[in-house]
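This report concerns the pairing of charged side chains in one protein structure. The sequence and structure are shown first.

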Amino acid sequence: MTWTCFTIHTTEEAEEAVAALLGSLDINNIEFVDNQPVFGLEVEGDYPELYPDLPEDDGSAQVKFYLPLAGADDAPSALRNSGLEIEEVDSRWNRDNIQTLLDEIRLRLDGLRSVMDVGSGQITTDETAEEDWENNWKQYFHSFTIGNLLIAPTWEKHPDLKEGQKLLRIDPGLAFGTGAHETTHLVIDQIQKYLKPGDEVLDLGCGSGILTIVSLLYGAGHVVDTDIDPLCQEAVRENLSNNGLGGLSFPDEDPADTGRDSDDHSVRNLNDHSADTSEENSTDVSDGNSAGGSDKCSATLYIGDLTSDEKLQKEVGSDRYDIICANILSDILIPMAPAIYMAAKPGGCLLTSGIIDGRENDVADAMIAAGFHLVEKNRLGDWWNVTLVK
């Protein structure tokens with residue numbers, strides 16, 4: 001099926017009215033594009049630095065809507081709601097009846113001009129095949145290596161795994177982290193350098209769970225994840241499964257909803273291939289744990305903010321972790337320093353990243369003030385890793 005994107009070039013003042021106009025025609029797949037900053041509590045909350053820097057707001061806006069060019073059931077409804085006298089309405093969108101609809105939209109836009117500035121009102125189009133949306137993005141993500149770790153998407157069926165390499169399977173998704181970004185790369189480098197078999201690991205801001213998976217592949221005995229975004233729950237669970245690591249525990253989740261016992265925090269043994277019979281995955285997972293020596297690995301995920309959530313701080317624990325991974329923006333990482341220090345074991349390593357060039361000393365100073373000792377700093381592109389020890 002071919003989808004057509006129609007873009008109405010208008011103004012920020014008129015975009016809500018234009019959307020209402022489209023809604024009156026039963027057109028509901030609507031998207032706004034403008035440069036307005038986010039106002040109110042959202043941008044004044046704990047994480048304003050997460051919002052992007054937008055170009056200068058010139059008052060222009062685009063209102064986009066999408067229609068399938070063939071096989072649509074909503075063509076009659078939209079055309080009849082236009083108020084036009086049409087004896088027979090085609091049940092499928094085609095170039096003729098779409099043109100009739102666009103003419104009606106233009107007439108209604110002209111009607112709005114008497115009460116507000118609607119801009120040019122020009123309508124432009126772009127056609128996209130549905131299969132392009134589903135598959136074409138894959139051409140931009142291919143397997144790559146970090147040290148002796150090969151990171152590959154699940155659709156590459158037979159990656160070229162060299163002797164001694166570990167394999168990590170991950171696909172781009174809603175939660176941050178495929179290993180391709182410099183910040184993730186920096187932490188993986190440090191995990192390879194400092195993690196020892198059996199180590200207790202804390203992954204702060206776990207996102208996709210990639211650092212959790214890397215830690216397990218290199219022999220971690222247990223991993224605790226935290227994140228503020230509930231979207232990461234399914235991402236971590238799926239990525240653990242794709243790597244033959246089994247399930248994941250959510251302490252705040254009702255066991256009746258998951259089919260797991262309330263104390264089931266275990267991720268199955270990396271050497272146990274009973275849940276994955278494919279030759280490809282069995283070989284990959286076995287190789288991934290060949291140096292680990294850990295008989296049982298486990299992972300637990302908490303949703304919350306370690307900086308201010310005292311309950312979460314207690315559940316995460318104190319003096320517990322050999323390795324703490326924190327790939328987090330500097331302005332979030334710095335106020336978290338005291339809580340991170342409490343969680344680390346004496347002699348435990350803190351592996352930080354997500355630190356833009358120019359902020360590395362700020363992060364180092366905050367962690368040193370909390371009690372850590374600086375071990376090393378590393379730069380990749382515009383980003384820094386700062387590694388410290390308790």
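## Salt bridges

R106 and D103 lie 3 residues apart in helix 3 (residues 95-112), so about one helical turn separates them. Their side chains meet in a salt bridge, with N to O at 3.4 Å; the term denotes a side-chain nitrogen of Lys or Arg within 4 Å of a carboxyl oxygen of Asp or Glu. The model is predicted: local features need pLDDT of at least 70 and side-chain atom pairs pLDDT 80 or more, while totals for chains, interfaces and linings use all residues. Residues are numbered from 1 along each chain as its sequence is written, and side-chain values use heavy atoms, leaving out hydrogens and water.

Helices (H or I, at least four residues) and strands (E, at least two) are DSSP runs numbered from the N terminus. Also in helix 3, R108 and E104 are 4 residues apart, again about one helical turn. E200 and R320 form another salt bridge. This pair links distant parts of the chain, 120 residues apart: E200 is in strand 8 (residues 200-204), and R320 is in the loop between helix 10 (310-316) and strand 12 (321-327).

| Salt bridge | Closest N and O atoms |
|---|---|
| R108 and E104 | 2.9 Å |
| E200 and R320 | 3.8 Å |

Buried means under 20% relative accessible area, exposed over 50%, and partly exposed in between (1.4 Å probe, protein chains only). E200 is partly exposed at 21%, as is R320 at 26%.

In total, the structure holds 13 salt bridges. D331, R359 and D362 are linked in a network of them.
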